[in-house]
Structures are given as structure tokens and as C-alpha cells.
Amino acid sequence: MSLRGDYSRAASDFSVEQDWTAHSAEEHALFRRLFERQSKLVPRYACPEWIEAITGMDAGGGIRKFDHVSKKLRAATGWEIVAVPGLIPDEAFFTHLAKRRFPLTVWLRKPEEFDYIVEPDVFHDFFGHVPLLFDPVYADHLHEYGKGGLKAMRLDAVKMLARLYWYTIEFGLVRTETGIRAYGAGILSSGGELAHSVADPAPRRLDFDLEKALRTEYLIDRYQSTCFVIDSFAQLMRETAPGFTPLYDRLRELPALPP
Ligand code: HBI
Ligand code: FE
């Protein structure tokens with residue numbers, strides 16, 4: 001895939017310097033506009049844990065210094081941010097997660113990509129992924145996911161495990177007393193998909209089912225037609241705690257399910 005980031009100065013673990021001073025006033029202003037657009041939506045559509053975390057992150061002023069946020073994150077759940085040029089190979093990605101390090105893309109989209117971007121940029125990662133790393137149960141699950149990813153590579157099961165990530169960490173929904181809310185980063189950071197996935201009648205909203213999630217293919221260039229709904233991060237943690245090996249062996253023989 002032709003990637004946008006500058007990988008030339010990446011270390012062997014694909015980490016780079018954030019080079020925060022390189023961000024122009026226009027880039028900080030674009031980040032603020034993205035933040036303001038989503039801020040109108042999140043009170044109605046984001047899960048309470050995300051709302052709780054974003055308040056303490058002072059994220060609305062522009063692109064943040066990752067080190068500052070890492071300090072707070074370490075104190076909360078032992079996670080920290082590692083700056084990366086963009087998408088990185090699975091092994092590096094899983095290895096960082098397994099060490100409670102979240103890879104955060106350093107570049108910001110262009111103004112013309114205000115409504116949609118293919119590759120995750122710093123807004124998607126920072127606004128979508130970082131807040132929930134302050135939630136202890138979610139943080140533990142993502143740590144397990146990282147370790148599970150390294151194991152899945154050994155078992156040639158990354159394709160199946162990536163679907164679980166997609167249907168939870170990227171596009172997951174959670175049931176709350178006041179109705180279904182979003183916790184997936186891809187939804188939370190999207191101008192149109194946040195209201196669509198939570199409130200539009202179109203998407204199929206299925207109760208979270210690990211086997212189904214591991215088998216269901218996903219679309220990367222349009223709104224999700226199927227979303228999985230968990231009851232809580234505790235449920236997600238519980239249901240994904242057992243070893244996946246027997247699951248992989250059984251599901252590998254079965255056809256994938258269409259999105
Ligand atoms: N790299 N930076 C970055 N961010 C991701 O979300 C990411 C990645 N590499 C691989 C990947 N995600 C997925 O393919 C894994 O879940 C399999
Ligand atoms: Fe993401």
C-alpha cells in the first residue's frame with residue numbers, strides 16, 4: 001500500500017519523533033475544527049467512558065504534544081503514546097500494544113480530507129483511540145489484544161483477529177442505560193458515521209458474538225452495514241480472555257461471512 005507518512009527516519013520498532021514544532025498554525029486550526037465538529041456530536045453519541053476521558057485531555061486546543069498526554073496516561077493505566085509515521089506492519093503494531101504503547105500517527109489530514117480519510121491520521125488516532133486508553137478495563141483488553149496479535153501471527157490467524165479489532169476497537173458500539181453509544185475510534189472520529197452508526201435504522205446492530213466477529217469481513221471505504229454491540233468493556237474483556245487457538249482452528253475451515 002502506498003503510505004503517506006515519512007518512514008525514512010523510523011526506528012526498527014517504527015517509532016519516530018513527533019516533531020510537534022513542525023505543525024503550522026493552519027494544521028492546529030484544522031485539528032481544532034475537526035474537534036469542534038465532533039464535539040457537537042459526542043455528547044449524544046459517545047459512550048460515557050470516552051466522554052469522561054476527553055474532558056481531562058484538554059484536546060480541543062490543537063495538536064497535542066504526545067509526551068504530555070503519555071504522562072497522564074501512564075499514571076492512569078500504564079499506557080503511553082508512541083509516535084509513528086502512519087500504518088505500521090502488524091508485528092510492530094502488536095508488539096507496541098503488548099507493551100502498552102499505542103502507535104499514534106504524527107501527520108494530520110489535508111483540509112480537503114475534512115470529511116473522510118482512508119489512512120488513520122493524528123486526529124483519528126488521538127480523538128478516536130487515546131481517550132479510551134484511560135479506561136482501565138478497555139486498556140487491559142487492548143493490552144491482551146496486542147499479545148493475542150503476536151500469537152495470531154504465529155498461527156497465521158491475523159486476518160481473523162483483525163476483524164475483531166475492526167468490529168470493536170474501530171467500529172464498536174456499547175449498550176448504556178440511555179441507549180446504544182459508540183466506543184469505536186473509527187466512529188467517534190467520523191463526521192457522518194457517528195450519528196449513522198448509533199441512531200440510523202440502516203446498520204445491522206448485532207449483539208457482540210466473538211465467533212461471528214472473527215468470521216465477518218468488513219468494508220473499509222464506506223459506512224459499516226453491520227456493527228456489534230457489547231454490554232460493557234468487562235464483557236468484551238471476559239469473552240476474549242480464553243485462548244483463541246481452538247477457535248482459529250475451527251473457524252479457519254468455515255467460509256468468511258459477508259459484511
Ligand atoms: N498501524 N499505526 C497503525 N495503526 C493501526 O491501527 C494498525 C497498524 N498496523 C496494523 C493494523 N492496525 C491492523 O492491521 C492490525 O489490527 C492487524
Ligand atoms: Fe484506528
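Predicted model: local features only at pLDDT ≥ 70, side-chain atom pairs only at ≥ 80, totals over all residues.
**Exercise 1.** Find which other residues have a polar atom close enough to ligand 1 to meet the 3.5 Å limit for a polar contact.

*Solution.* 
- Start with the backbone: a polar backbone atom of I88 is 2.7 Å from a nitrogen atom of ligand 1.
- Then take the side chains: D90 has a polar side-chain atom 3.4 Å from an oxygen atom of ligand 1.
- Compare with the cut-off: a polar contact needs N or O atoms within 3.5 Å, and 2.7 Å and 3.4 Å both meet it.

As for the area, ligand 1 taken alone exposes 390 Å², and the protein buries 87% of that.

**Exercise 2.** Describe the shell around ligand 1 by residue, class and element.

*Solution.* 
- List the residues: V84, G86, L87, I88, D90, F93, F94, Y145, A162 and Y165 surround ligand 1.
- Sort them by class: 8 are nonpolar, 1 is polar and 1 is charged.
- Locate the site: ligand 1 takes up the space of the largest pocket.
- Assign elements: α5 (90-98) and α8 (158-170) each give two or more residues to the shell. The largest share, 3 residues, comes from α5.

**Exercise 3.** State the geometry of the aromatic pair F31 and F123, and what the pair ties together.

*Solution.* 
- Count first: the whole structure holds 17 aromatic pairs.
- Read the geometry: F31 and F123 are 5.4 Å apart centre to centre, with 75° between the planes.
- Classify: planes over 60 degrees apart count as edge-to-face, and this pair is edge-to-face.

Conventions:
Residues numbered from 1 in each chain as written. Chains lettered and ligands numbered in written order. Heavy atoms only, no water. Near = heavy atom within 4 Å. Polar contact = N/O pair within 3.5 Å; in protein donor to acceptor, adjacent residues only side chain to side chain. Areas by Shrake-Rupley, 256 points an atom, 1.4 Å probe, with all protein chains shown as cover. 1 Å grid on protein atoms, 1.4 Å probe; cavity = no way out; pocket = protein on both sides within 12 Å on 5 of 7 lines; lining within 4 Å. Sits in = over half its atoms within 2 Å of the grid points. Helix = DSSP H or I, 4+ residues; strand = E, 2+ residues; numbered from the N terminus. Nonpolar A, V, L, I, M, F, W, Y, C, P; charged D, E, K, R; others polar. Phe/Tyr/Trp six-rings, centres within 6.5 Å; stacked < 30°, edge-to-face > 60°.
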